[in-house]
Amino acid sequence: MSTPTPVIFIHGLWLHAASWAPWIDLFRGAGYEPSAPGWPGDADTVEATRANPDGVADHGIDDVVEHYAKIIDGLDTRPILIGHSFGGMIAQKLLGRDQAAAAIAIDAAQIKGVLPVPLSALRATLPVFKNPGNRHRAVSLTAEQFRFAFGNAVPEAESDELYERWTIPAPGKPLFEAAAANFDPHSPAKVNTANESRGPLLLIMGGRDHTVPEAVTRATLKQYRHSSAVTDILEFPDRAHSLTIDSGWRDVADASLAWLKGQSL
């Protein structure tokens, strides 16, 4: 019998790795070997991570990339990476380094070279950027801020429930690094988009996403124009940034599985 292909789920800012639990069950049932390791400093549970925000503070993009690279190094075969938001950026960086067999980047944070900065994205990240000192701190969202940044396409009651269940403090540093990416020749937000030998990539976007509007994802796709490697894009027009955790998560997960099957993975 063949060994199941490993799948690593990578969360983004403000969500705990445990939020991938339904995806893990689905992918395991589909024959994969899934896991969802947290970021550096994440505790094992939402409650424990909330209780120690200093544990996640001041970790930047490179810290997170190397954290997952070490996990990948411990595997017998290159995994499939599925990342949401900043997790989608991390997945792209690792794919560009040929450390993954394929990647799915869902509402991925902007990489170096992406120019659009929609007003809704600025508002969604204002809780971090309003204080320059937050670069070295962990920042939590209020339920109202989460509603705008994540839950604007679901009923308010569902947004509030997701907020209570899954949100954790997030390091501000990755956002400051991404914001300065196009002015920094050595930005950690840079991805090797010209890699011809990398595995296939699927970019998924939510048409109602305030945090990573579709203009950002479409601009990300253009960054890959110099590579002949497979780069696909898929839109869920009525979905927002909570699309991996809200009541419609299965639609996104099933589409991800279908795409992987189409790539013979």
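This is a predicted model: local features need pLDDT of at least 70, side-chain atom pairs count only at pLDDT 80 or more; totals for chains, interfaces and linings use all residues.
Reader: How many aromatic pairs does the structure hold?
Author: There are 10. Rings of Phe, Tyr and Trp (its six-membered ring) pair if their centres lie within 6.5 Å; planes under 30 degrees apart are stacked, over 60 edge-to-face, the rest tilted. Trp 23 and Phe 27 make a stacked pair, 6.2 Å centre to centre with 20° between the planes.

Reader: Where do Trp 23 and Phe 27 sit in helix H1?
Author: They are 4 residues apart in H1 (residues 21–29), so about one helical turn separates them. Helices here are DSSP runs of H or I, at least four residues, numbered from the N terminus.

Reader: Trp 23: buried or exposed?
Author: Trp 23 is buried, at 0% relative accessible area. Phe 27 is buried too, at 0%. Buried means under 20% relative accessible area, exposed over 50%, partly exposed in between (1.4 Å probe, protein chains only).

Reader: Which cluster do ring pairs make?
Author: They link Phe 9, Trp 20, Trp 23, Phe 27, Tyr 32 and Trp 249.

Reader: Switching to charges. How many salt bridges?
Author: The structure holds 7. Each is a side-chain nitrogen of Lys or Arg within 4 Å of a carboxyl oxygen of Asp or Glu. One of them joins Arg 165 and Glu 161, 2.6 Å from N to O.

Reader: Why about one helical turn between Arg 165 and Glu 161?
Author: Because they are 4 residues apart in helix H7 (residues 156–166). Arg 165 is partly exposed at 44%, and Glu 161 is partly exposed at 33%.

Reader: What does Glu 33 pair with?
Author: Arg 28, with the closest N and O atoms 3.9 Å apart.

Reader: Last one. Which residues make the nonpolar surface patch?
Author: Val 117, Leu 119 and Leu 122, covering about 300 Å². Patch residues have over 30% relative accessible area and no salt bridge; like charges are joined within 9 Å, nonpolar side chains (Val, Leu, Ile, Met, Phe, Trp, Tyr) within 5 Å. Areas come from the Shrake-Rupley method with a 1.4 Å probe; for residues, only the protein chains shown count as cover. Leu 119 lies in helix H5 (residues 119–129) and is exposed at 70% relative accessibility.

Conventions:
Residues are numbered from 1 along each chain as its sequence is written. Side-chain values use heavy atoms; hydrogens and water are left out. Helices (H or I, at least four residues) and strands (E, at least two) are DSSP runs, numbered from the N terminus.
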